Amino acid sequence: MRIVTLTTDFGIKDGNVGVMKGVIWGIAPQVHIADLSHVVAPQNIREAGFILVRSAPYFPPGTIHVVVVDPGVGTERRHLAARLGTQYFVGPDNGVITAFLEYAEERGWDIEMVHAHRREYWLHEVSHVFHGRDVFAPIAAHLANGVTLQSLGTPINDPVRLPLPRPQRTPHGWVGEVIQIDHFGNIATNIRRQDMSEPGRIQLRLRGVSIPGLMRTFGERPPGELIALYGSTGYLIVSEVNGNAAQRLQAEIGDQVEVWIESNPSS
């Protein structure tokens, strides 16, 4: 069984996601298709990449991830197909793969990438504005049918990379930023569990509001209280228990987050 995942900023109103699925099944009817997200903020390449890197590692080897958040559709940007370890990626070469690529590089995975320019693996007629349907969906379907990565085009080693924000160490802790806001209004930062290895009580500050302590679960505090905790993928997040932290704080992607770490007193 071969799995193809889809991540787009298309929404679900206009039928675009369904058409991509129709193209895939027309070429590879045996494929199972999983939707990761179709409500990525319009043209938000970095958000799509974050969803990809937090989701792809949980799929079986050989899964093909199609990501179409493509503000440069119809321009000279390349069509990218890649193997990152045991996972495959198909989409525009616009930096959407950056976080997943770095994840693979950190783990020493084998990496292969091609500029997928061979038109025999696209639809016969190609629109200038819907490469998700006419280029990327058929490429994914042909991969699922056993076409090799190398058959799709020319090998490359210079994919576009986005400048991903990195948390910065300070004398008192860390300074990072908001990188995603989810459906529940939970606010994910780019500060990770491994960054906060030293012991001590923390205090987080976001949008002028201080949040003391670090919780393990949402249920440790009463409804309506703002808390800091690690999300399921290890990033430090801010939540409102049974509420919407992003709405309450009017938080936005890119907002600065400060963390103070108070060292445990010596015994």
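How many nonpolar, polar and charged residues are in the lining of the largest pocket? The tally is 14 nonpolar, eight polar and eight charged residues. Keep in mind that the model is a predicted one.

## The largest pocket

The largest pocket holds about 630 Å³ of space. Its lining is made up of 30 residues, and those closest to the centre are Phe50, Val53, Ala99, Arg192 and Tyr235.

H2 gives the most, with six residues.

## The second largest pocket

Next comes the second largest pocket, with about 260 Å³ of space. Here 13 residues form the lining, and Val39, Gln180, Ile181, Asp182 and His183 lie nearest the centre. By class, the lining divides into six nonpolar, four polar and three charged residues.

At least two lining residues come from each of S2, H2 and strand S9 (173-181). H2 again deserves a look: the largest share of this lining, three residues, comes from that helix, and H2 also gives the most to the lining of the largest pocket.

## Strand S1, covered on both faces

Is strand S1 (residues 3-8) largely enclosed or left open? Six of its six residues are buried, so the strand is largely enclosed by the rest of the structure. In a regular strand, side chains alternate between the two faces of the sheet. On one side of S1 sit Ile3, Thr5 and Thr7, on the other Val4, Leu6 and Thr8, and both sets are buried.

## Neighbours of S1

S1 has parallel partners to explore. Five bridges join S1 to strand S2 (residues 32-37), and the two run parallel.

In S2, Thr7 stands opposite Ser37, while in S3 the bridge partner of Thr7 is Val67. Thr7 is also one of the buried residues of S1.

Notes. Residues numbered from 1 in each chain as written. Predicted model: local features only at pLDDT ≥ 70, side-chain atom pairs only at ≥ 80, totals over all residues. Heavy atoms only, no water. Buried < 20%, exposed > 50% of the residue type's maximum accessible area, 1.4 Å probe, protein only. Helix = DSSP H or I, 4+ residues; strand = E, 2+ residues; numbered from the N terminus. Pairing = 2+ DSSP bridges. 1 Å grid on protein atoms, 1.4 Å probe; cavity = no way out; pocket = protein on both sides within 12 Å on 5 of 7 lines; lining within 4 Å. Points joined across faces, edges and corners; volume = space filled by probe spheres on them. Nonpolar A, V, L, I, M, F, W, Y, C, P; charged D, E, K, R; others polar.
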